[in-house]
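Biologist: I'd like to learn how to read a structure like this one. Could you walk me through it?

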Amino acid sequence: MGLRAAQYAAGSVVLGLPAFMLYGGAVFGGQAPRWARPVLAGSAAALLLLALAALALQTGLMAGALDQALNPEALGFVLGGTSLGAAYAVRAGAALVLVLTVLVLRPGRGLWPVALLLGLIVAASFAWTGHGAATEGAGRWVHLTADILHVVAALIWIGAVFAFAVLATRRIEGDAASQAALATALGGFARVGTLCVTALLVTGLINSVFLVSVEQVFSLGATPYGRLLAAKLAAFVAMLGLAALHRFRSTPALERGEGGLAGLRLSLGAELVLGLLILALVGAMGMLAPPASL
């Protein structure tokens with residue numbers, strides 16, 4: 001569970017940060033801040049190591065003994081004979097290519113489209129190691145596609161919150177230009193955030209059709225999966241509330257030069273914690289059988 005949650009957290013930066021730099025790049029005058037590249041490279045390197053560790057652990061579990069985790073024959077079987085192993089390999093490969101890309105490409109906007117593409121590959125690999133890939137029958141591709149879009153929307157949103165939190169923690173008190181740039185970035189995320197929320201709601205409903213049978217909707221609280229799902233939904237609603245607070249209160253206050261930076265930092269930190277909590281809950285839910293399969 002911990003490995004899954006940590007990979008999701010690293011993936012939110014790997015996908016969310018390049019997306020943020022593309023749709024919010026005008027705020028920086030086309031020049032990414034100094035912290036962006038090392039943060040992206042560090043997150044990709046962490047994801048690479050985490051994916052390899054998860055692959056080794058999965059190999060040991062499938063072999064029936066953890067001391068077989070690095071056995072070449074067992075690893076070869078998992079990588080070449082299972083979709084799960086292939087997904088881990090793709091994730092690790094995309095993370096490695098991203099690290100090399102950050103090191104090789106010169107600073108500039110040319111990095112971010114490539115990073116975004118690699119981030120999308122990482123997001124798709126998460127869906128391939130989740131419940132969506134296990135669905136069989138006519139609805140397999142519908143469920144898997146919805147799961148991929150769900151992961152993409154979630155990681156872009158949480159990655160943006162991370163970027164905003166970093167920007168807000170910089171020493172910009174009394175710096176009207178920096179505060180105005182932060183307000184512009186927050187305002188510019190409104191459309192992207194709306195798309196993310198819409199995608200999460202629609203794909204979440206589709207996923208629920210496959211994972212939660214109609215007969216079990218009202219008894220979800222009796223199952224561990226249902227309780228985790230309820231906690232996830234509660235955290236999601238809380239994130240929506242904080243996002244609305246940023247959109248309709250904090251951002252206008254910054255635009256008018258009326259302050260509110262301390263409150264914004266606090267609410268962004270809370271939203272980021274909630275996002276990470278959701279990733280941890282998703283990691284735990286991925287280890288449980290959904291109600292529809294019971």
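Biologist: How many helices and strands are there in the chain?

Modeller: Let me begin with the ground rules. This is a predicted model, where local features need pLDDT of at least 70, side-chain atom pairs count only at pLDDT 80 or more, and totals for chains, interfaces and linings use all residues. Residues are numbered from 1 along each chain as its sequence is written, and side-chain values use heavy atoms, with hydrogens and water left out. Helices (H or I, at least four residues) and strands (E, at least two) are DSSP runs, numbered from the N terminus. Here the chain has 9 helices and 0 strands, so its elements read α-α-α-α-α-α-α-α-α from the N terminus on.

Biologist: What percentage of the residues count as buried?

Modeller: Buried means under 20% relative accessible area, exposed over 50%, and partly exposed in between (1.4 Å probe, protein chains only). Of the 294 residues of the chain, 48% are buried. Areas come from the Shrake-Rupley method with a 1.4 Å probe, and for residues only the protein chains shown count as cover. The accessible surface totals about 13900 Å², with 69% of it belonging to carbon and sulfur atoms.

Biologist: Contacts next, please. What share of the contacts between residues at least 6 apart in sequence join residues at least 24 apart?

Modeller: A contact means heavy atoms within 4.5 Å. Among the contacts you describe, the share is 76%.

Biologist: How does the span of H6 fit its number of residues?

Modeller: The expected span is 1.5 Å times one less than the number of residues. For the 30 residues of H6 that gives 44 Å, and its end C-alpha atoms are 44 Å apart, which agrees. Of those 30 residues, 21 are buried, so H6 is largely enclosed by the rest of the structure.

Biologist: Is Ala-168 buried or exposed?

Modeller: Ala-168, found in helix H6, is buried because its relative accessibility is 1%. Leaving aside neighbours within four places in sequence, Ala-168 is in contact with Leu-182, Leu-261, Arg-265 and Leu-268. Arg-265 is 97 residues away along the chain, yet its C-alpha atom is separated from that of Ala-168 by 5.9 Å.

Biologist: And which class does Ile-148 fall into?

Modeller: Ile-148 lies in helix H6 (residues 140-169) and is partly exposed, at 21% relative accessible area. Not counting residues up to four places away in sequence, Ile-148 touches Ala-124 and Ala-127. Ser-125 is 23 residues from Ile-148 in sequence, and their C-alpha atoms are 8.2 Å apart.

Biologist: Let's turn to H2. What does the side chain of Ser-43 reach?

Modeller: Ser-43, in helix H2 (residues 36-63), reaches the backbone oxygen of Val-39 with its side chain, at 2.9 Å. Ser-43 is buried, with a relative accessible area of 12%. Beyond neighbours within four places in sequence, Ser-43 is in contact with Ala-10, Val-13 and Val-14. Just after H2, Gly-64 takes a positive phi of about 85 degrees.

Biologist: Which residues form a nonpolar patch on the surface?

Modeller: Like charges are joined within 9 Å, and nonpolar side chains (Val, Leu, Ile, Met, Phe, Trp, Tyr) within 5 Å. In this chain, Leu-96, Leu-100, Leu-103 and Val-104 form the patch, with about 420 Å² of accessible area together. Leu-100 sits in helix H4 (residues 83-104) and is partly exposed, at 46% relative accessibility.

Technical notes. Patches are made of residues with over 30% relative accessible area and no salt bridge: like charges are joined within 9 Å, nonpolar side chains (Val, Leu, Ile, Met, Phe, Trp, Tyr) within 5 Å. A salt bridge is a side-chain nitrogen of Lys or Arg within 4 Å of a carboxyl oxygen of Asp or Glu. A polar contact is a pair of N or O atoms within 3.5 Å; within protein, one must be able to donate a hydrogen and the other to accept it, and residues adjacent in sequence count only if both atoms are side-chain atoms.
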